[in-house]
Each structure stands twice: as C-alpha cells, then as structure tokens.
Amino acid sequence: MIRLFTALSVPDDVAETLARRQTGLPGARWRAADQLHITLTFYGEVDERRADDLSVELERAATGGPFEIALSGVGAFGDGHRTRAIWAGVEANERLSVLAGRCRSAAERAAVPVERRDYRPHLTLAYLNPQADPDRIGAWIADHNLLQSPPIRIDRFGLYSSVLTQDGSRYDLEREYVL
C-alpha cells in the first residue's frame, strides 16, 4: 500500500517568502520548503495496482493548459476549541477547482475511493501542538492575514507519495503531469 495525493508544488521564491512568516508562534511545527504544496486530491492508502491505474487516469486530468493562482490571507483549521493547523489561503480560481475535480474523477475511474467534501484549496504552513495558546494563534493570524502573493504560474501537477515519520510526513514526487 502506498499513501498518495495530487498537488501543486510551490515555486522557490514563494516558499522563501512564506518561510519569513513562519515564526513567532510557540507550539507551531512549521512545514519545510519541500513540504509546501497545494493539495488537489488526497487518495490515502492505495494498493500498487490501483496506484498504477490512478497514474494512467491522471493523464486525462492534465488538460486545459497553464493558468495562474495567487495566495491570499491566512487562517486555521480545527475542531471545537483546538486549532490543528495554520494555512495560507488560495484565491478562488475556477481552473484550479476544475483541475481538482478532474483529479477526483481520475480516482473514481481507477476505483480509488476518495473523501466526499468540498474542495478548499490552501497551503499548510504549520501543524500546532495541543498546548499552542489560542490567543497567540489569533494574534499570528491577525498579523499575517494580509498575505498576498504575486500570480503563481501553474503548468503542471504531481502525484506524490507520503510516508509518515516521527518528524512528520515525507513527500516524494512519483509522477508529474504537464498541463
């Protein structure tokens, strides 16, 4: 079994800009530059035969040509009173939503089950320890909420594997698809 997802990588200049913001929040486990991405579809644990089928089906998703996206604002994910992650938002973009939908459809054609929830494009900046102070989290979000990136050209996406380690997840690009 292999843990898979499709995602957009982040250009080095954008990762460097984000790295300058990844400070000042005790309890945050900031994501390294090589861990920054915008997930299109998370597939979870997939057997090798279905992973091969998925890889082939994703070729069909790679259509429409290049487009641009932009990061905008920051926020947090959590449930109840516990915030689990800090993220940078992605401006609404029809082409991005269509690409994510095509990656989901590729999974259906390859008989790979995926979660049924609305697509909310974001870039995870940090995961938070349970002891992270909610007031500090709120202050960090307020201080960085005007985040705005220049346009980011998207001309490809990748199929990544994810291995969970004690130090967090390690991502490997398995295959790249040119738009």
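1. At 23% relative accessibility, D155 counts as partly exposed, a class that lies between buried, under 20% relative accessible area, and exposed, over 50%, with a 1.4 Å probe and protein chains only. D155 forms a salt bridge with R156, their closest N and O atoms being 3.1 Å apart, where a salt bridge is a side-chain nitrogen of Lys or Arg within 4 Å of a carboxyl oxygen of Asp or Glu. R156 is likewise partly exposed, with a relative accessible area of 32%.

2. On the basis of these values, this is a predicted model, in which local features need pLDDT of at least 70 and side-chain atom pairs count only at pLDDT 80 or more, while totals for chains, interfaces and linings use all residues. Residues are numbered from 1 along each chain as its sequence is written, and side-chain values use heavy atoms, with hydrogens and water left out.

3. By the salt-bridge rule, the count comes to 9 salt bridges. Within helix α2, D53 and R49 lie 4 residues apart, about one turn of the helix, and their side chains meet in a salt bridge at 3.5 Å, N to O; D53 is partly exposed, with a relative accessible area of 31%. Helices (H or I, at least four residues) and strands (E, at least two) are DSSP runs, numbered from the N terminus.

4. A further salt bridge joins the side chains of R109 and E57 at 2.5 Å, N to O. Because R109 lies in helix α3 and E57 in helix α2, the pair ties together parts that are 52 residues apart in sequence. R109 is partly exposed, with a relative accessible area of 35%, whereas E57, at 16% relative accessibility, counts as buried.

5. Helix α2 (residues 48–61) and helix α3 (residues 94–109) pack at an angle of about 145°, with their axes 8 Å apart; axes are lines fitted to C-alpha atoms, for helices over the stretch in contact, and angles run from 0 to 180 degrees between N-to-C directions. The contact (heavy atoms within 4.5 Å) is made by L54, E57, L58, R60 and A61 of α2 and by L99, R102, C103, A106, A107 and R109 of α3. Residues of this contact divide into 7 nonpolar, no polar and 4 charged, with Ala, Val, Leu, Ile, Met, Phe, Trp, Tyr, Cys and Pro counted as nonpolar, Asp, Glu, Lys and Arg as charged, and the others, Gly among them, as polar.

6. In helix α1 (residues 12–21), the buried residues are V14, A15 and L18. Seen down the axis of α1, they fall within an arc of 100°, so they line one face of the helix; the arc is that of the directions from the helix axis to the C-beta atoms. On the other side of α1, D12, E16 and R20 are exposed, while what covers the buried residues includes β5 (71–79), β7 (122–128) and β8 (152–154).

7. T6 lies in strand β1 (residues 2–9) and counts as buried at 0% relative accessibility; leaving aside neighbours within four places in sequence, T6 is in contact with residues including I38, L40, Y43, L58, C103 and F157. L164, placed in strand β9 (residues 156–165), counts as exposed at 57% relative accessibility, and, with the neighbours within four places in sequence again left aside, L164 is in contact with R3 and S169.
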